[in-house]
Amino acid sequence: MSQIAFIGLGNMGGPMAQNLVKAGHQVRGFDLSAAALEALQASGGQAAASATEAVQGAEVVISMLPNGQLVEQLYLGEQGLLAQLPAGCLVIDSSTIAAESAQRVGQAAEAAGIRFIDAPVSGGVGGAQAGTLSFIVGGSEADFAAAQPLLAAMGKNLFHAGGVGAGQIAKICNNLLLAVLMTGTTEALALGVKNGLDPAVLSQIMQQSSGSNWVLNVYNPWPGVMEQAPASRDYQGGFQVDLMAKDLGLAWETALKSQSAIPMGSMARNLFALHAQQGKGGLDFSSVQQFFIAAS
Ligand code: NAD
């Protein structure tokens with residue numbers, strides 16, 4: 001059993017922290033949202049009034065924040081957590097952020113004698129709730145091994161991608177592909193419906209055909225086709241359009257630096273950016289379906 005500080009208890013961090021509580025760990029969490037803190041307390045965790053309070057006595061710190069700027073603010077600088085943690089403490093950042101941002105935190109942690117891994121996740125809110133996330137880790141072999149028992153309480157597939165930052169590169173590649181699959185699936189469904197097909201029947205056909213993919217199998221973007229998908233609850237919860245747009249921006253920056261071509265990812269980024277500009281940034285990313293329904 002470990003004493004764990006968990007910073008960022010949103011759509012993903014909330015259920016991840018709850019799974020650590022269920023596994024018998026002592027979890028003290030902090031979030032800016034009072035509702036998120038109450039949910040942790042209701043599940044048997046403790047609520048802290050600040051990140052500094054959350055890390056008192058912690059052997060492990062886990063963060064699950066929206067972006068790299070917030071992660072760097074949390075850990076770096078005179079007021080940052082790295083200046084407050086004891087040597088040997090293990091820091092696991094599961095937010096999706098730039099590899100360079102993870103490396104800046106990793107280098108500062110190393111200088112302070114603190115262990116650090118980047119461990120972004122895949123599997124969505126459903127995977128976070130069920131404890132079946134994939135963790136994609138960047139860090140040393142020893143730190144990956146030390147984190148494994150905790151990661152196993154929140155996920156079922158644990159991958160070691162390479163050194164610090166490598167987890168983020170792999171995660172960004174995955175989300176680029178997910179964005180292409182989501183936009184392609186929404187386009188295909190709208191085409192079928194416009195031509196008289198039932199979206200549920202077309203989805204079943206494509207699931208069993210060569211167009212099958214994760215979006216069709218667990219995250220159908222057409223309202224009413226899949227009861228547990230965000231599309232069937234007005235695209236609330238899930239993975240926000242703003243977060244997908246951020247991830248595609250990270251993919252773009254990574255492509256620029258490595259002189260890589262990402263034409264499909266660029267197209268998808270523009271679609272999500274336009275969708276966000278139309279006021280849809282807080283909806284689940286499958287709401288990009290509305291683009292094509294509106295166009296039909
Ligand atoms: P979210 O917006 O639901 O949760 C983020 C939480 O962080 C919020 O509760 C917010 O109040 C809190 N927060 C923000 N600044 C804070 C601070 N300074 N101190 C403490 N708490 C703070 O986002 P999410 O969907 O949980 O995503 C979190 C991260 O996980 C993102 O980097 C995202 O890209 C990634 N991710 C999300 C999904 C998904 O399906 N939602 C899947 C994989 C990865």
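Visitor: Is helix H1 (residues 13-22) mostly covered or mostly open, and how many of its residues are buried?
Guide: Bear in mind that we're looking at a predicted model. In it, H1 has Gly 13, Gly 14, Pro 15, Met 16, Ala 17, Gln 18, Asn 19 and Leu 20 as buried residues. That makes the helix mostly covered, and the count is 8 of its 10 residues.

Visitor: Which residue with a positive phi follows H1?
Guide: H1 covers residues 13-22. After the helix comes a glycine with phi near 100°, and that residue is Gly 24.

Visitor: What percentage of the contacts with a separation of 6 or more comes from residues 24 or more positions apart?
Guide: For background, buried residues make up 50% of the 296 residues in the chain. As for contacts with a separation of 6 or more, the share from residues 24 or more positions apart is 64%.

Visitor: How is the chain divided, and how far apart are the C-alpha centres of the domains?
Guide: The division gives domain 1 (3-163) and domain 2 (169-295). Where they touch, 13 residues come from domain 1 and 15 residues from domain 2. Their C-alpha centres lie 27 Å apart.

Visitor: Which element gives the largest share of the side of domain 1 that touches domain 2?
Guide: By class, this side of domain 1 has 7 nonpolar, 6 polar and no charged residues. The largest share is 3 residues, and they come from H6.

Visitor: Where does the ligand lie relative to domain 1 and domain 2?
Guide: The ligand is surrounded by 27 residues, and the closest are Gly 10, Asn 11, Met 12, Thr 96 and Phe 239. Strand E7 (121-122), helix H6 (124-130) and helix H11 (241-257) each supply at least two residues of that shell. Both domains give residues to the shell, so the ligand lies between domain 1 and domain 2.

Visitor: How many residues of the shell around the ligand are charged?
Guide: The shell has 15 nonpolar residues and 10 polar ones. That leaves the charged class, which has 2.

Visitor: Which feature does UniProt place at residues 165-289?
Guide: In the model, this span is 63% helix and 0% strand, with its end C-alpha atoms 32 Å apart. For residues 3-162, the unreviewed UniProt entry lists "domain: 6-phosphogluconate dehydrogenase NADP-binding", and that span is 39% helix and 25% strand. At residues 165-289, the unreviewed entry places "domain: 3-hydroxyisobutyrate dehydrogenase-like NAD-binding".

Visitor: Is Tyr 235 buried or exposed?
Guide: You'll find Tyr 235 in the loop between helix H10 (214-218) and H11. Its phi is positive, about 60°, although it is not a glycine. Because 23 other C-beta atoms lie within 10 Å, Tyr 235 is buried.

Visitor: And Gln 259, is that buried or exposed?
Guide: Gln 259 sits in the loop between H11 and helix H12 (263-280). Phi is positive here too, near 50°, in a residue other than glycine. With 6 C-beta neighbours inside 10 Å, Gln 259 counts as exposed.

Visitor: What distance separates the C-alpha atoms of Leu 191 and Ile 293?
Guide: Leu 191 lies in helix H8 (residues 166-194), and with 13 C-beta neighbours inside 10 Å it counts as partly exposed. Along the chain, Leu 191 and Ile 293 are 102 residues apart. Their C-alpha atoms are separated by 9.0 Å.

Key:
Residues are numbered from 1 along each chain as its sequence is written. This is a predicted model: local features need pLDDT of at least 70, side-chain atom pairs count only at pLDDT 80 or more; totals for chains, interfaces and linings use all residues. UniProt positions are given in the numbering used here, feature names are shortened, and annotations may be inferred rather than shown by experiment. Helices (H or I, at least four residues) and strands (E, at least two) are DSSP runs, numbered from the N terminus. A residue is near a molecule or strand if its C-beta atom, placed from the backbone, lies within 6 Å of it. Ala, Val, Leu, Ile, Met, Phe, Trp, Tyr, Cys and Pro count as nonpolar, Asp, Glu, Lys and Arg as charged, and the others, Gly among them, as polar. Domain bounds come from an automatic or database domain assignment. Two residues are in contact if their C-beta atoms, placed from the backbone, lie within 7 Å. A residue is buried if 20 or more other C-beta atoms lie within 10 Å of its own, exposed if 12 or fewer, and partly exposed in between; C-beta atoms are placed from the backbone.
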